[in-house]
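Open your viewer and get ready to select. This tour takes one chain at a time, then the place where they touch.

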Amino acid sequence: MQESAEGRREKGARSAAERANSRKRSTQRGLPDRRAQRVALTGAIDVLKQTTLNRIHRAANARMVDFGGWDMPVHYGSQIDEHHAVRRDAGMFDVSHMRVLDLEGAGARDFLRHALANNVDKLAARGKALYSCLLRPDGGVLDDLIVYFLTDEWFRIVVNASTAEKDTAWLRDLIDRGGVALSLTVRDDLAMIAVQGPHAREKVWQVLPQARGATEPLKPFNAAIVDDLFIARTGYTGEDGFEIMVPDARAEALWNALAAAGVPPCGLGARDTLRLEAGMNLYGQDMDESTSPLESGLAWTVDLGSPRDFVGKSALTASAPARTQVGLLLQDPRGVLRAHQVVHTAKGEGEITSGTFSPTLNRSIALARVPRGVEVGEEVQVQVRERKLAARVVKPPFVRNGRVLVDK
Amino acid sequence: MNIPADLSYTSSHEWVRQETDGTRTIGITDHAQAALGDLVYIELPQVGRKVSSGEACAVVESVKAASDVYAPFSGEVVAVNDDLTARPEAVNEDAYGAWLFRIRPDEGSQPSLLDAKAYETAIGES
């Protein structure tokens, strides 16, 4: 038995540059005891970074994988059971591999007006969050991120793990070139636990009763600071819940308390099927530096309407995108949709960017980039091994808040 | 890791059981099902198909990846476990009970298989 090309690609190979980066960091930070070693395909010793909760995942017999250079749990037994726990009740994820950046200084908002494709002027109330792309001048997507408005001189940014070094360097360079006095601090002293599901908030309040007063009134996409905790009503699952930033030293106690309150640990496998059902993009799969946000289903996050100029704007307005992102629902049960499979449409060929088996729909779903003009409701053919399988074009999300939103 | 001593194995993670009628039954190992995670789709060969040693003749797909299953030796497929089409998760539950297909080996076919100890060593090294 051997994984097919599709399977291998899906695991996501890391670039040589990323591997070099992680080696460099580990030397600089000098924390070998926190890191696992492995032998890379090249034969060179490579180092995976570990979150502060790594020991707990291993003690729980989690299946661990290399995710963007981090040694992370993919599941603790059954990915599908973990998926259902989040849709039906609650589950928790260690997402400490994501990088928290604090941007501080008098010109923070002006800087973000220029740096981000979405408009930070939408952030008026303290604690309000905004999802945005970080673009290159040519309109390619450097990363997607969430920015929180805390004070006029303090914004908190959360970026992806695999792009953290690149993003940090990019933002520092933009700050330098702007000539403004801003500090950008990497908060690697914080762990992050996402508690997600219809009962997630109640479970968090059981464990952190002191946080209830400040976090119960929070609307989705808002955050509050409670002592040394940063609690945001955000997530990546399509369910209600919180993402909690907690000092490293207290992360294990919080994780154990949540487990004792009946919140099962869930791995990145379930996180991926949940986000795909929720129609959310994954950076590096559904968009990257070679794609425009306008052909990646992210036009709603790009503020082209205001007179504000931002990095990448002129490239995006220069020409209309030739491709568009759609959802696909497999009609034929003989296979599973996977990234890189070719999609045959009446308007030409496209490609699946993320595909999986949907535990909620009990059939395969995907996000795909196809020629513009392919319409919702159309039938297309996806090349799966030697067969062309019928799939229907749908508008994501597939599932939100436990409800199926597409017709099977 | 569960590696029954009475079965033979391949380095590509199939298990092989010698049947009294001369046929051999093939499945995927416990190690393989654990590596793949929850299985959601299994494609089996047609009964009567002639297969060569090393030929991909079945596909198992989990939530995260698709994998080929290879014929450990040349012969003819004489039976397949159709129950798996509706219940692919049976392989996760009992990898050695949930067989995939059965082959009658060609005359003179000399499969080179691993015993349980050799397979254990092989997966320890991988």
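What share of the contacts in chain B with a separation of 6 or more comes from residues 24 or more positions apart? Select chain B: the share is 62%. Two residues are in contact if their C-beta atoms, placed from the backbone, lie within 7 Å.

A word on the model. It is predicted: local features need pLDDT of at least 70, side-chain atom pairs count only at pLDDT 80 or more, and totals for chains, interfaces and linings use all residues. Residues are numbered from 1 along each chain as its sequence is written, while chains are lettered from A and ligands numbered from 1 in the order in which they are written.

Stay on chain B and switch to cartoon. Look for four helices and nine strands. These are DSSP runs, numbered from the N terminus: helices (H or I) have at least four residues, strands (E) at least two. Follow the chain along its sequence: β-β-β-α-β-β-β-β-β-α-α-β-α. The C-alpha trace spans about 40 × 35 × 25 Å along its principal axes. Of the 126 residues in chain B, 47% are buried, meaning 20 or more other C-beta atoms lie within 10 Å of a residue's own.

Next, select chain A. Here are 11 helices and 23 strands. Of its 408 residues, 47% count as buried.

Now show both chains. The contact takes 19 residues from chain A and 19 residues from chain B. On the chain A side, select helix H1 (5–11), one of the elements that each supply at least two residues. H1(A) gives the largest share, three residues.

Note on methods:
A residue is buried if 20 or more other C-beta atoms lie within 10 Å of its own, exposed if 12 or fewer, and partly exposed in between; C-beta atoms are placed from the backbone.
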